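Subject: Structure handover

Hello,

Here is the structure for you to look over. My notes follow below it.

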Amino acid sequence: MVDKACNNTICLKHEECARYEAWVKGDQNVKTFNGKEHKACGQFIQK
């Protein structure tokens, strides 16, 4: 269970992250974490 989904499409690892996947699937409990083009954020959860 992901506590907050993430809609950060610029994060380096957004395609591998369970938080981003939850947002894509419609989870409305969203926070934009601070991942960048060159790094993932500290809240990354591997799918």
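Buried means under 20% relative accessible area, exposed over 50%, and partly exposed in between (1.4 Å probe, protein chains only). This is a predicted model: local features need pLDDT of at least 70, side-chain atom pairs count only at pLDDT 80 or more, and totals for chains, interfaces and linings use all residues. Residues are numbered from 1 along each chain as its sequence is written, and side-chain values use heavy atoms, with hydrogens and water left out.

Cysteines first. Cys11 is buried, at 11% relative accessibility. Cys6 is buried too, with a relative accessible area of 8%. A disulfide here is a pair of cysteine sulfur atoms within 2.5 Å. The count by that rule is zero.

Now the chain as a whole. Of its 47 residues, 30% are buried. Take contacts (heavy atoms within 4.5 Å) with a separation of 6 or more: residues 24 or more positions apart account for 65% of them.

Last, the surface. The chain exposes about 3300 Å² (Shrake-Rupley, 1.4 Å probe). Carbon and sulfur atoms supply 50% of that area.

Best wishes
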